[in-house]
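Here's a quick tour for anyone opening this one up for the first time. Have a look at the picture, then read on.

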Amino acid sequence: MIVPSVSIIVPVLNQEKWIGRCLRSLLNQSMNRNNYEIIVINDFSTDKTKSLIEDEFLQKIKLINNDRNYGKGFSVKRGIEAASGDIILIQFSYKQPLTW
């Protein structure tokens with residue numbers, strides 16, 4: 001059976017309170033880690049979101065930084081353009097990811 005690959009798009013703006021929990025949960029799914037990628041689009045956060053991602057997760061995810069605040073829709077679009085998966089999921093950092 002062929003398992004489809006999955007791209008998880010996580011747009012963020014000033015989510016220092018939630019981004020760590022979100023990414024840890026996504027990285028600890030039961031699905032084989034080789035079958036999915038996590039793409040975080042930082043929409044020009046002014047808090048510690050970017051540094052938290054870079055310090056703890058940069059080796060495990062793909063990070064795209066917007067050069068100014070473009071909004072959630074633009075950030076999702078950038079993530080989709082960078083995605084390589086057969087299936088694309090959008091995960092907002094302030095929501096607890098489901099286990100799959």
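## A word on exposure

Before anything else, one cut-off: a residue is called buried when its relative accessible area is under 20%, exposed when it is over 50%, and partly exposed in between. Keep in mind, too, that what you're looking at is a predicted model.

## The overall layout

So what's in the chain? Its secondary structure comes to three helices and four strands. Follow the chain from the N terminus and the elements run β-α-β-α-β-α-β.

As for size, the C-alpha atoms fill a box of roughly 45 × 25 × 25 Å along the principal axes. The radius of gyration is 13 Å, which agrees with the value near 13 Å that a compact globule of 100 residues would have.

How many of the 100 residues count as buried? The share is 42%.

## Where two helices meet

Two packed helices are described by the angle between their axes and the distance between the axes. Here, helix α1 covers residues 19–27 and helix α2 covers residues 49–56; their axes come within 10 Å and cross at roughly 35°. The crossing of α1 past α2 is right-handed.

Which residues do the meeting? From α1 it's Ile19, Leu23 and Arg24, and from α2 it's Thr49, Leu52, Ile53 and Glu56. Sorted by type, the residues of this contact divide into four nonpolar, one polar and two charged.

## Two loop residues with positive phi

Now for a pair of backbone details. Asn14 sits in the loop between β1 (6–12) and α1. This residue isn't a glycine, yet Asn14 has a positive phi of about 50°. Is Asn14 buried, exposed or partly exposed? Its relative accessibility is 34%, so Asn14 counts as partly exposed.

Further along, Phe44 has its place in the loop between β2 (36–42) and α2. Phe44 isn't a glycine either, and it has a positive phi of about 65°. Why does Phe44 count as partly exposed? Because its relative accessibility is 43%, and partly exposed covers what lies between the under 20% of buried and the over 50% of exposed.

Terms used
Residues numbered from 1 in each chain as written. Predicted model: local features only at pLDDT ≥ 70, side-chain atom pairs only at ≥ 80, totals over all residues. Heavy atoms only, no water. Axes fitted to C-alpha atoms, helices over the stretch in contact; angles between N-to-C directions. Left-handed = near helix turned anticlockwise from the far one by under 90°. Contact = heavy atoms within 4.5 Å. Nonpolar A, V, L, I, M, F, W, Y, C, P; charged D, E, K, R; others polar. Rg over C-alpha atoms; globule rule 2.2 N^0.38 Å. Buried < 20%, exposed > 50% of the residue type's maximum accessible area, 1.4 Å probe, protein only.
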